[in-house]
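Please look over the sequence and the model shown below before reading on. The paragraphs that follow lead through them step by step.

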Amino acid sequence: MTTTESTDVLIVGSGFGGAIAAYHLAAGGAKVTVLERGPWLKAADFDHDFLLGSSYTRIFDFVVGDGMSLLGGNCVGGGSVVYFAAMPRAPRFVFDRVSATGQRIWPESISRDVLEPWYDRVAEALPITQQDWNDVTFAGGLFAAACAHAGRTANPVPAAVDRTKCTNCNWMMSGCRFDAKRSLLLNYLPAALAHGAEIRPLHEVQKLTRTEGGYRVHYKVVDDVDYRVYAGEGEIDAKIVVLAAGAGATPVILQRSEPELGPMPRAVGRYFSGNGERLNTAVVDEDRARELLGLKRGDGPAFRANQIGKGPVVASWDTLDASRPTHSRYSLEQLYFPPGFGTILAQVPDATGPSWFGKEKKELVRQWQSWLTVFTMVEDDNEGVFGPPPPTGNAVRISQQMLGRGPIRYEPSANTLRGWAESDAAVRDILERDGLARVMPWTNDVVGAYTVHPLASCRIGDDPQTSALDDGQELRGHPGIFVTDGSAVPAALTVNPALTISALAERAVPGIVKAARDRGVNVSYGAPAPGGETAGRRGVQAQLPGLTGL
Amino acid sequence: MTLEAFADTIVPGEKRSPDDRAVAGVSAGGGAVAAGAIELLETPATGISAALDDYAEALNRNAREYAEGRGLPLDDAVPPFVALPFEDRTALVQELTSPRHREKELWVLLALFSNMAFDTAAHLHTTDAIAAGHPGLAAMGFLGPGEDGLWRFPDFSYGRPLAEPHPDTTASGSPA
């Protein structure tokens, strides 16, 4: 017989959305339980190793859908453990975007100005710092120099990386061995634990049902080597549930819960955005890089440094211009992907045979050290829809770890295709100018489009028809259920979304605290940053009455 | 032998011996087969190791249909896919992995792992693979670790401004 446990606040997922909520609620005095479907690894566990079964495959998920594939975290700390730590704020125009019918997409109550103090809170907690040109890797430097050569600007990107600890090993997707990347394992999560929060790894939440005073959360325990195998199950009652399982999983849990929980808002599992992401691979001509850009690594080559670095360090924001039409606004960012997923989808320029495999592709791979990857984030049309949920989890797992088949369907609109085409042309203009490199986008024919920043599958908004959550991130029609992960972000951001997801989660916390108090939980709001800093707390004070209805 | 020929179509290599039939020998240096594609496919972690016989059977069935449809004679001494010339192996794999093919997902998966054998040596510890001169990692010029098996690159930056930042950059270093 299953024993039912109970807690005040049950949080599903321990990435940015889950960890931030967990810390504040625990610090405020609530009993907090966090269920995380992935394992709990720490710095010493983060292998520099591509062997299947190493941290590389244990801590992230690649879910292939129909027309779209999602890459995300699957471990305690979630996306923060596998992300590349680029933390820009979203441009002002993003929050003013309107839908095709002229309706504002973001809630009226949220703008860049409103979010600024919440961005500040997160920046203080991680912390996030502005990288300078001495932090910029060879790859970022080459991209910057190419942008300048093409008459464009380029910025070092603000990042959550401790520059004194970073070794530029470029194994970030395996977790940071040196604790240089400011993942949530180093701030919000230990602070939540210090305040009594309990984190249970390898607990995969399947569905929610209703109880008299709240909700019952049903989970299965995952084998720590073969995630296809379940080792047990259980249930926990909670007065408040915070869903933060990621934009690829949160709507699936809600869909699976619908028969017992009651009808879900129409927008649950709809309006998914891949953040308009697109990748191009350039193969740099070393001689031209030296001649055109004046680049030289000591006495060695001009570049040949694809392997060296730390994720994106330079971005070009020339096309983040509010006056440009929607879908023509995008950023370009230098990025490193490790071999494996970072090589298979790259295409051979001017291929006479197949472009992503075969003889010519092998020759392209021989030049791998001269590759430069450029990442586009454009405005898409929220085209993604989730089909019926799989029997368990958010995907049917194929491999023991990492690889699964999910229910997402995505067919890019003409607008999205135009945005990708414009950004591809911009990448070519920058990198093929004067014979510097040869460029091709990654193919969408193999695993569809792909995103490392899934968003908007359960989004906030003012219109109940097109948004699953209100502007306090509470699920419409199901009081006491909140969503604080990327699924709440209503549309593409044109930049990396981790900071915006986090700022929104910070902003949602006062309302969650109030909802908990209304249900008899003795909890208060007002914790400092996890390290004890208080400037961020002071910064958001003016907004608190509006968020708590006091 | 059939799956070796498939892996060799994804990342071709040179023949292991003059009478090597699986490896077509269209590319210098080791390809996916020499990189350990079969060893990787046989690793239970992939999730497809138990289905390899079915994969081979299905690939040969497709190869036979492909050959019959084009009037290509097949050498009965080897499996049908192995009997196909490299160009036809390539054309068939293109067909099987094309976006509208009903079996696409199966063949993409096999292609992904064949590729991973070459560019990540996913069946080996990376340090061991590099020490053994793994053909894929060597072809890519993948640089090795320090003595403790970890990677560090103290020389990583040109160390100078290389572009003008966007004029509307805010104090936080973000777009306006």
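Ring pairs link A:Phe50, A:Tyr56, A:Phe60, A:Phe62, A:Trp171, A:Tyr336, A:Phe341, A:Trp368, B:Phe142 and B:Trp151 into a cluster, where rings of Phe, Tyr and Trp (its six-membered ring) pair if their centres lie within 6.5 Å, and planes under 30 degrees apart count as stacked, over 60 as edge-to-face and the rest as tilted. This is a predicted model, in which local features need pLDDT of at least 70, side-chain atom pairs count only at pLDDT 80 or more, and totals for chains, interfaces and linings use all residues. Residues are numbered from 1 along each chain as its sequence is written, chains are lettered from A and ligands numbered from 1 in the order in which they are written, and side-chain values use heavy atoms, with hydrogens and water left out.

Over all chains, the structure holds 22 aromatic pairs. In the pair of A:Phe62 and A:Phe341 the ring centres are 4.4 Å apart and the planes stand at 40 degrees, so this pair is tilted.

A:Lys220 lies over the face of A:Tyr230, at 5.8 Å from the ring centre, and A:Arg459 lies over the face of A:Tyr271, at 4.2 Å from the ring centre.

Two strands pair if DSSP finds at least two bridges between them. Strand β10 (residues 215-222) of chain A pairs with β11(A) in the antiparallel sense, over eight bridges, and here A:Tyr219 stands opposite A:Gly234. Strand β21 (residues 481-483) of chain A is parallel to β11(A), with three bridges between them, and A:Leu243 has its partner in A:Val483.

A further group of strands in chain A forms an open sheet of six, in the order β6-β13-β14-β15-β12-β19, with antiparallel pairing. Its edge strands are β6 (155-156) and β19, each of which pairs on one side only. Within this sheet, strand β12 (residues 277-284) and strand β15 (residues 371-378) of chain A are antiparallel and share seven bridges, and A:Asn280 stands opposite A:Val374 in β15(A). In a regular strand the side chains alternate between the two faces of the sheet.

What lies in the interior may be described next. A nonpolar core is a set of buried Ala, Val, Leu, Ile, Met, Phe, Trp, Tyr and Cys residues joined through side-chain atoms within 4.5 Å. The largest such core has 248 residues, of which A:Val32, A:Trp106, A:Leu126 and A:Leu431 touch the most other members. Helix α12 (residues 498-518) of chain A gives the most to this core, with 12 residues.

Some details of the backbone complete the picture. Most residues other than glycine have a negative phi, and most peptide bonds are trans. The peptide bond from A:Leu126 to A:Pro127, however, is cis, with omega near -10 degrees, and A:Pro127 lies in the loop between α4 (112-125) and β5 (129-130) of chain A. A:Ala85 has a positive phi, near 70 degrees, and is found in the loop between α3 (79-82) and α4 of chain A, where A:Ala85 is buried with a relative accessible area of 0%. A:Asp434 likewise has a positive phi, of about 55 degrees, and lies in the loop between α11 (414-431) and β19 (437-441) of chain A, but A:Asp434 is partly exposed, with a relative accessible area of 42%.

Note on methods:
Lys NZ or Arg CZ within 6 Å of the ring centre and 35° of its normal. Helix = DSSP H or I, 4+ residues; strand = E, 2+ residues; numbered from the N terminus. Buried < 20%, exposed > 50% of the residue type's maximum accessible area, 1.4 Å probe, protein only.
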